[in-house]
Amino acid sequence: MHQALYRKWRPQTFDEVYGQEHITSVLRYEAETHAFSHAYLFCGSRGTGKTTCAKILAKVVNCEHPVNGNPCGVCDACRAIDSGAATDVLEMDAASNNGVEDIRDIRDEVVYSPSSLRFRVYIIDEVHMLSISAFNALLKTLEEPPEHVVFILATTEMHKLPATIISRCQRFDFRRIATDVLMERLMHIAREEGIVLQTDAARMIARLAQGGMRDAISLLELCAGGGREVTVDAVADSVGLTGRDSMLRTVGAIADRDYETLFGQIAEVVRSSKDILVFWQDLISVYRDILVVKTTKNAAAYLDLTDHELERLSLAASRFRKETLTYHCKLLEEAYFSMQRSNAVKRVVAELTLLRMCDESLDQTSDALLSRIARLEERALTGGFASEIESGKAAPLQKPAQEKAAPMPVPSVPEAKRENLAVQSSSQKRVMKPIRNWMEVVERVSRSSEADAGFVKLSRGYTTEDGSVVVHFDSDFSLLMISRDEPRDRLRMAISSVLRREIGDRMLKMEVAGKPTEANVIDEILDIDDENGV
């Protein structure tokens, strides 16, 4: 009968366990000094060696001739445990045997001496699945077991264990195995098994395994099915991946707002019978890598990529601002959870989300607005607006003063309210309308500075007929604190977000209430509504 590779290559000694030297070194020392604990707790993600180390530990505590802290593998005890004939080593899966009666059976058995070995060993896998009553039944036995009994508990969700159980065990945390370590092991197994494995393909398999040795070896066997050479394309075909090149093309199309390419990408995934959810996971992974490149100085320390891949990611990252990347990541996450619903049409969800990622104006959330503001700021700093106006692609934000209509007679305030009309300014009056949702401005400022928000909260904002914004503060001190560069920029960006238009630095005027900055100017404040809610 065929034996799976991960079982065939399961380590038989602590020396053969890869990537967990911080644990195996301690267990070897205990074996050499015969200083075994009465209970062990092995916790960590799947495929990192918990059950393997538990079986090796069960052998070494009973081995007649241990070698450097490892089981010899040739004595009667080692051979009996390897063959499964040792009745004194019992493995229990708590996922299917999680009742109090199962634990009571163990509690009744431990009083008896081992039948053929030195120690009776209980290996309880997925111990977090035990019921509350089962844990209670295990407590006393786990704390003071007979001298001839050793408990080994294994779990992937340590946080679900009661603190009383954890405190009674010697705890070992199994780490995810590094990609380079997984690659080394895969290349060794491939050579021994006669599998042609390319280095780049081994790296891809190691990444997909996400730190799990068992998953890595299983993927290698899957990709090598039929005796074929294991290449990057073979790995992608076997697991339904679309490839990093395809993902970067998608990211580039989003930056270029190339809708044809984006719809073509989704159509290609559908035609190839690949799962759109897998495609989406790959896209999220690429965006995560781009965000790391964008926000850190030493991205190579956090990304397992070649120099060429890192260079391409850096190029992609240069096309987005951090605010836009954060907004895109949130959209990707929302779409991922939407696709997992039973009645979701994955293709439609994917296409609509890509459209929203290309055009923030289709989304009225705060994250989309921040992304749009960040883009406007970048264009303003780089002279983008000026070049567009000169080329005729965009109109100036404000009309020249000489093009304004002649002043109209100013009606009384009550009449203006009844007619819901804006009042035109005269040469000695400026008409201001309160910004009704001013508290939203305060909330946006507070995201960056609670101190600045305290001063803004005591102020009041108004819009004028020429599109400017006037902010009245309660005191000279408040005005002084917000007049500094950074607080002023925070306030200006917050107002721009709320009004949904860019407020330039010259368009923001700040005063102390009751102290106008220009002589002979009378402010007339109208409490009327407009389409922007100000």
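Phe320 is buried in this predicted model, at 6% relative accessibility, where buried means under 20% relative accessible area, exposed over 50%, and partly exposed in between (1.4 Å probe, protein chains only). Its ring pairs up with that of Tyr287, and the pair is tilted, with 6.4 Å centre to centre and 55° between the planes. A pair here is two rings of Phe, Tyr or Trp (its six-membered ring) with centres within 6.5 Å; planes under 30 degrees apart are called stacked, over 60 edge-to-face, and the rest tilted. Helices (H or I, at least four residues) and strands (E, at least two) are DSSP runs, numbered from the N terminus.

Residues are numbered from 1 along each chain as its sequence is written, and side-chain values use heavy atoms, with hydrogens and water left out.

The structure holds ten aromatic pairs. Phe279 and Trp280 make another tilted one, at 6.4 Å centre to centre and with 50° between the planes. Both of these residues are buried. Elsewhere, ring pairs join Tyr40, Phe42, Phe172 and Phe174 into a cluster.

Next come the charged side chains. There are 25 salt bridges in the structure, each one a side-chain nitrogen of Lys or Arg within 4 Å of a carboxyl oxygen of Asp or Glu. One of them brings Glu91 and Lys55 together at 3.8 Å, N to O. Glu91 belongs to strand S2 and Lys55 to helix H3, so this bridge ties together parts that are 36 residues apart in sequence. Lys55 is partly exposed, with a relative accessible area of 28%.

Helix H3 also supplies a partner for helix H4. The side chains of Lys59 and Asp82 meet in a salt bridge of 3.1 Å, N to O. With Lys59 in H3 and Asp82 in H4, the pair ties together parts that are 23 residues apart in sequence. Lys59 counts as buried, at 4% relative accessibility, whereas Asp82 is partly exposed, with a relative accessible area of 43%.

Helix H4 itself (residues 76-83) has Ala77, Cys78 and Ile81 buried. Seen down the axis of H4, its buried residues fall within an arc of 100°, so they line one face of the helix; the arc is that of the directions from the helix axis to the C-beta atoms. The general idea is simple: an α-helix has 3.6 residues a turn, so residues three or four places apart point the same way. The buried residues of H4 pack against helix H3 (50-60) and strand S2 (89-93), contact meaning heavy atoms within 4.5 Å. Just after H4, Gly84 takes a positive phi of about 80°.

Arg488 is buried, with a relative accessible area of 16%, while Asp505 is partly exposed at 41% relative accessibility. Salt bridges that share partners also join Asp452, Glu486 and Arg490 into one network.

On the surface, Val345, Val348 and Leu352 form a nonpolar patch with about 260 Å² of accessible area together. Patches are made of residues with over 30% relative accessible area and no salt bridge; like charges are joined within 9 Å, and nonpolar side chains (Val, Leu, Ile, Met, Phe, Trp, Tyr) within 5 Å. Val348 is found in helix H17 (residues 346-358) and is partly exposed, with a relative accessible area of 41%.

Zooming out, the protein has 24 helices and ten strands. Of its 534 residues, 44% count as buried. The protein exposes about 28,100 Å², and carbon and sulfur atoms supply 50% of that; accessible areas come from the Shrake-Rupley method with a 1.4 Å probe, and for residues only the protein chains shown count as cover.

Notes:
Predicted model: local features only at pLDDT ≥ 70, side-chain atom pairs only at ≥ 80, totals over all residues.
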